[in-house]
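These are my notebook entries on one chain, written down in the order in which I looked things up. The structure comes first, and the entries follow.

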Amino acid sequence: MSAITIDSLRKEYGDTFAVDGLSLSVAPGEVFGFLGPNGAGKSTTIDALLGYVRPTAGTITVLGRDAATESRAVREAVGVLPDGYALYDRLTAREHVAMAASFRGGDDDPEAVLSRVGLADAADRRAGGFSKGMAQRLALGMALVGDPDVLVFDEPSSGLDPTGIAALRRIVAAEADRGTTVFFSSHDLAQVEATCDRVAIVDDGRLVALDTVAGLRERYGALATLSVAADPLPDLAPLRALEGVASVAVDGDRVVCRCTSADAKVRALRAVFDGDCRVRDADAEPASLEDLFAASVGESGRTDEADDPAPAAAPAGAGPYATTATGEGE
Ligand SMILES: Nc1ncnc2c1ncn2[C@@H]1O[C@H](COP(=O)(O)OP(=O)(O)OP(=O)(O)O)[C@@H](O)[C@H]1O
């Protein structure tokens, strides 16, 4: 049985299709990255997964429970780090963790949870005085309470400094090691590349790619970048004419070719050598997840830079498990 199954999910807001026929499943123990440009439908999908948003059509099952009709049970079973959570200003970090433990019926030691997220020294400080990154760390700690089998993180790196990002990576790796399913949306592609078994890329509410990062590289023709330092710089026109060379640009004293295959890389390098210039250095790098993201979103036919307004923030005092959702669930 899958840990999470999304089947033909659709969510309409008036004329807007926030999610438009999304289907995917996440295996138990899998670390699954859920990516897409702004307004692609990630938060709406996560809100539907937690039963905060009622789908227009389709279903989501989490650990065998229907997210729409059994949302309370789903929320109790899943550790959530929502986008747009609200903490209680007057409660301390320790009290927040204790509250999360009582919600889940767990007996976690608040000290241990807070030290895991790097907040041991702030255990008795009120959350109202926390910086954005400290609040994010606290919300992460609360999601981990009770060792849930499924963790759902919406933009978990938001507000975190490099130490916080490294801690988040370690936590995701440790959770994966103990068999937890981790489903997270993120714009931090380095984090996704470092931690995810598979990634789904959505655009305009639709799935445009679903694979491992290695699989995506294969799908997009081993997209790779060749960077050659040459003196003088070669004539760019013959490079641009080469088969499999998608783009050619100059960066300082280097010519940078984006290639769609290993063969194209070799052809481009040979063409530089054949030109009337001295090659001083050459580097080739596999496509980054950022390149693959751009390629998949480009392939899906998107032409604009999405700039949709974000949905309304959670109302103040809506509690630590409030999301940007509309509260349509049970
Ligand atoms: N409550 C709502 N009412 C109307 N439209 C909404 C609502 N919630 C989301 N939308 C719209 O649905 C689309 C998907 O929004 P969503 O927040 O799910 O995207 P996202 O992928 O999470 O974006 P981001 O990366 O910016 O957080 C957007 O066009 C958004 O404006």
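This is a predicted model: local features need pLDDT of at least 70, side-chain atom pairs count only at pLDDT 80 or more; totals for chains, interfaces and linings use all residues.

**Whole chain**

I counted 11 helices and 14 strands in the chain. Of the 330 residues, 47% are buried. When I took the contacts with a separation of 6 or more, I found that 70% of them come from residues 24 or more positions apart.

**Helix H6**

I then went back to H6 itself, which runs over residues 162-177 and so has 16 residues by the record of its ends. From its first C-alpha to its last the helix reaches 23 Å, close to the 22 Å expected at 1.5 Å a residue. I listed its buried residues as Gly164, Ala167, Leu168, Ile171, Val172 and Glu175. Looking down the axis of H6, I saw that these buried residues fall within an arc of 140°, so they line one face of the helix. On the face turned away from the buried side I noted the exposed residues Pro162, Thr163, Arg170 and Asp177.

**Aromatic rings**

In one of them, the rings of Phe32 and Phe183 have their centres 5.6 Å apart and their planes at 5°, so I recorded the pair as stacked. Phe32 lies in E3 and Phe183 in E8, so this pair ties together parts that are 151 residues apart in sequence. Phe32 and Phe183 are both buried.

Phe34 and Phe183 make a tilted pair, because their planes stand at 40°, with the ring centres 5.1 Å apart. This pair likewise links distant parts of the chain, with Phe34 in E3 and Phe183 in E8, 149 residues apart. I checked the accessibility of Phe34 and found it buried, at 0% relative accessibility, and for Phe183 I also read 0%. Through these ring pairs Phe32, Phe34 and Phe183 are linked into a cluster.

**Charges over rings**

I also looked for charged ends over rings, and found that of Arg75 over the ring of Tyr52, 4.4 Å from its centre. Lys11 lies over the face of Tyr13, at 5.2 Å from the ring centre.

**Hairpin E1-E2**

Strand E1 (residues 4-13) pairs with strand E2 (residues 16-26) in the antiparallel sense, over eight bridges. Ile6 stands opposite Leu24 in E2. The two strands form a hairpin with two residues between them, and in the turn I noted Gly14, which has a positive phi of about 60°.

**Leu91**

My last entry concerns Leu91, which lies in the loop between strand E6 (78-81) and helix H3 (93-104). Is Leu91 buried or partly exposed? At 26% relative accessibility, Leu91 counts as partly exposed. Leaving aside residues up to four places away in sequence, I found Leu91 touching His96, Met99, Arg125, Arg126 and Ala127. Leu91 and Asp124 are 33 residues apart in sequence, and their C-alpha atoms are 8.8 Å apart in space.

Methods. Residues are numbered from 1 along each chain as its sequence is written. Side-chain values use heavy atoms; hydrogens and water are left out. Helices (H or I, at least four residues) and strands (E, at least two) are DSSP runs, numbered from the N terminus. The expected span of a helix is 1.5 Å times one less than its number of residues. Buried means under 20% relative accessible area, exposed over 50%, partly exposed in between (1.4 Å probe, protein chains only). The arc is that of the directions from the helix axis to the C-beta atoms. Two strands pair if DSSP finds at least two bridges between them. Rings of Phe, Tyr and Trp (its six-membered ring) pair if their centres lie within 6.5 Å; planes under 30 degrees apart count as stacked, over 60 as edge-to-face and the rest as tilted. A charge sits over a ring if NZ of Lys or CZ of Arg is within 6 Å of the ring centre and within 35 degrees of the ring normal. Contact means heavy atoms within 4.5 Å.
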